[in-house]
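Please find below a colleague's note on this model, arranged as numbered points. The remarks are meant to be read beside the structure itself.

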Amino acid sequence: MDDDISTRLEDESLHKKLLDDDENQSHPEGDKGQHNSMEKLGTDPNFKRKIVWKNAIGFLVLHLAAFYGLYLVLTFRIKILTYLWVMFLDLASGEGITMGAHRLFSHKSFKATFSLKLILVLLHTIAGQNCMYIWVRDHRQHHKFSDTDADPHNATRGFFFSHMGWLMSRKHPLVIEKGKTLDMSDLEADPLIMWQKKYYKPLYLIMAIALPVYIPVLVWGETVWASTFTSFFLRYVFLLHQTWFVNSAAHLWGTKPFDKYLLPAENKFVSLVSGGEGWHNYHHTFPWDYRTSEFGASYNVTCSLIDSCAYLGMAFDLKTAPFKMIEQRTIRTGDGSHPIYGMKKVKTYRWEDRNINELEIDEKVN
Ligand SMILES: [Zn+2]
Ligand SMILES: [Zn+2]
């Protein structure tokens with residue numbers, strides 16, 4: 001039966017139409033169709049990547065320094081407060097990425113007061129993953145051209161490339177060409193984002209290096225040496241990998257209950273290490289949902305934090321995908337692994353019935 005369904009849906013134009021229908025329903029405030037609009041691009045297996053040696057050597061040095069930081073941690077050569085500080089920095093700056101760069105600024109899945117935006121932009125600067133503008137641009141491009149040569153971290157090129165290899169390779173020409181088609185006008189109109197972009201280097205030196213390193217030194221007497229290798233190098237590299245797993249592991253391993261035609265999958269491990277970003281089949285299917293998972297799912301600290309901010313009045317207009325839409329989409333395009341709708345998928349719709357025309361499909365979707 002499942003094969004019959006896929007045969008019907010392998011009509012690419014229909015699948016594209018279904019995606020567009022969801023997109024049109026889901027961006028009432030006009031995300032300008034940045035997400036999930038699958039252009040017909042692919043991956044050229046013969047494309048030879050050029051290594052950017054400066055970046056490759058930089059990452060090697062960073063990792064050696066982080067390993068030394070890990071050695072200091074594992075051999076108890078730092079003060080107990082420094083342990084707590086490193087963990088706090090990792091979690092807090094991680095929220096600058098997941099709650100700030102990802103769910104707020106890339107996907108506009110909720111709105112935030114200026115104070116919350118400012119906190120998130122500062123936390124994002126501590127994380128040190130380039131300025132918000134560039135982070136968001138790369139991420140919007142990732143969604144718009146997922147797993148094609150125009151995706152900066154195209155996962156069809158394998159685990160290493162999508163994890164970190166893309167940051168030490170020359171960009172594919174399509175990444176540059178298609179990158180120019182992205183609409184970044186919302187961020188360009190945001191003075192806070194443009195302020196961080198303009199002053200990113202000094203802000204990085206202060207927020208990502210000086211404050212993390214010198215607070216333990218000045219407040220509880222940690223050595224500059226130990227603090228540099230743990231509060232900066234180890235913490236920085238650890239968070240990079242937590243973020244990168246979303247682009248690599250969550251695009252390669254897991255189930256696809258919502259859309260089996262996408263590469264991204266539901267991956268518990270990634271959710272656990274990334275504050276809830278591993279429910280990636282859901283996220284690529286319904287990218288505007290602030291929970292990035294059905295019902296908020298589990299291991300989703302960021303979802304709970306956004307809820308808490310909403311309770312405090314700092315976050316508002318939280319967007320979610322309606323239950324009916326999730327159900328219909330799961331039945332139409334899921335791989336059958338959904339614990340509830342996976343069963344209905346087999347029984348409810350008879351896609352092999354050629355008498356169902358696209359108009360009726362629309363009605364069912366709506
Ligand atoms: Zn996303
Ligand atoms: Zn992704």
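1. The expected span of a helix is taken here as 1.5 Å times one less than its number of residues. The model is a predicted one, and with that definition in hand the 13 residues of α6 should span 18 Å, which agrees with the 18 Å between its end C-alpha atoms.

2. As for the chain as a whole, it holds 18 helices and 2 strands, and buried residues make up 43% of its 366 residues. Of the contacts in the chain with a separation of 6 or more, 70% are accounted for by residues 24 or more positions apart.

3. How are two packed helices described? Two packed helices are described by the angle between their axes and the distance between the axes. For helix α4 (residues 80-106) and helix α5 (residues 114-127), the angle is about 120° and the axes are 7 Å apart, while the crossing of α4 and α5 is left-handed. On the α4 side the residues that meet α5 are Leu89, Ala92, Ser93, Gly94, Glu95, Gly96, Ile97, Met99, Gly100, Ala101 and Leu104, and on the α5 side they are Leu120, Val121, Leu123, His124, Ile126 and Ala127. Sorted by class, this contact of α4 with α5 has 11 nonpolar, 5 polar and 1 charged residues.

4. Helix α4 also packs with α12, where the axes come within 10 Å and cross at roughly 35°, and the crossing of α4 and α12 is right-handed. The α4 residues in this contact are Thr82, Trp85, Val86, Leu89, Asp90, Ser93, Gly94 and Ile97, which face Ala226, Ser227, Thr230, Ser231, Leu234, Arg235, Phe238, Leu239, Gln242 and Thr243 of α12. By class, the contact of α4 with α12 has 8 nonpolar, 8 polar and 2 charged residues.

5. Turning to helix α12 (residues 224-247) itself, its 24 residues should span 34 Å, and this agrees with the 34 Å between its end C-alpha atoms. Phe238, which has its place in α12, counts as partly exposed because it has 19 C-beta neighbours inside 10 Å, whereas a residue needs 20 or more to be buried. Phe238 and Leu70 are 168 residues apart in sequence, yet they are 9.8 Å apart in space, C-alpha to C-alpha.

6. Where does α11 bend? The bend, of about 45°, is at Ala210, and a proline, Pro212, follows within four residues. The 21 residues of α11 should span 30 Å, and its end C-alpha atoms are 29 Å apart, which agrees. Ala210, in helix α11 (residues 200-220), counts as exposed because it has 12 C-beta neighbours inside 10 Å, and it is 22 residues from Phe232 in sequence but 8.9 Å from Phe232 in space, C-alpha to C-alpha. The buried residues of α11 are Met207, Ala208, Pro212, Val213 and Pro216, and what covers them includes α4, α5 and α12. Just after α11, Gly221 takes a positive phi of about 70°.

7. A last point concerns backbone angles. Most residues other than glycine have a negative phi. Asn130, although not a glycine, has a positive phi of about 70°; Asn130 is found in the loop between α5 and α6 (132-144) and is partly exposed, with 17 other C-beta atoms within 10 Å. Asp317, likewise a residue other than glycine, has a positive phi near 50°; Asp317 is found in the loop between β2 (315-316) and α16 (323-333) and is exposed, with 12 other C-beta atoms within 10 Å.

Technical notes:
Residues are numbered from 1 along each chain as its sequence is written. Chains are lettered from A and ligands numbered from 1 in the order in which they are written. This is a predicted model: local features need pLDDT of at least 70, side-chain atom pairs count only at pLDDT 80 or more; totals for chains, interfaces and linings use all residues. Axes are lines fitted to C-alpha atoms, for helices over the stretch in contact, and angles run from 0 to 180 degrees between N-to-C directions. A crossing is left-handed if the near helix is turned anticlockwise from the far one by less than a right angle, and right-handed if clockwise. Two residues are in contact if their C-beta atoms, placed from the backbone, lie within 7 Å. Ala, Val, Leu, Ile, Met, Phe, Trp, Tyr, Cys and Pro count as nonpolar, Asp, Glu, Lys and Arg as charged, and the others, Gly among them, as polar. The bend at a residue is the angle between axes fitted to the seven residues ending there and the seven starting there.
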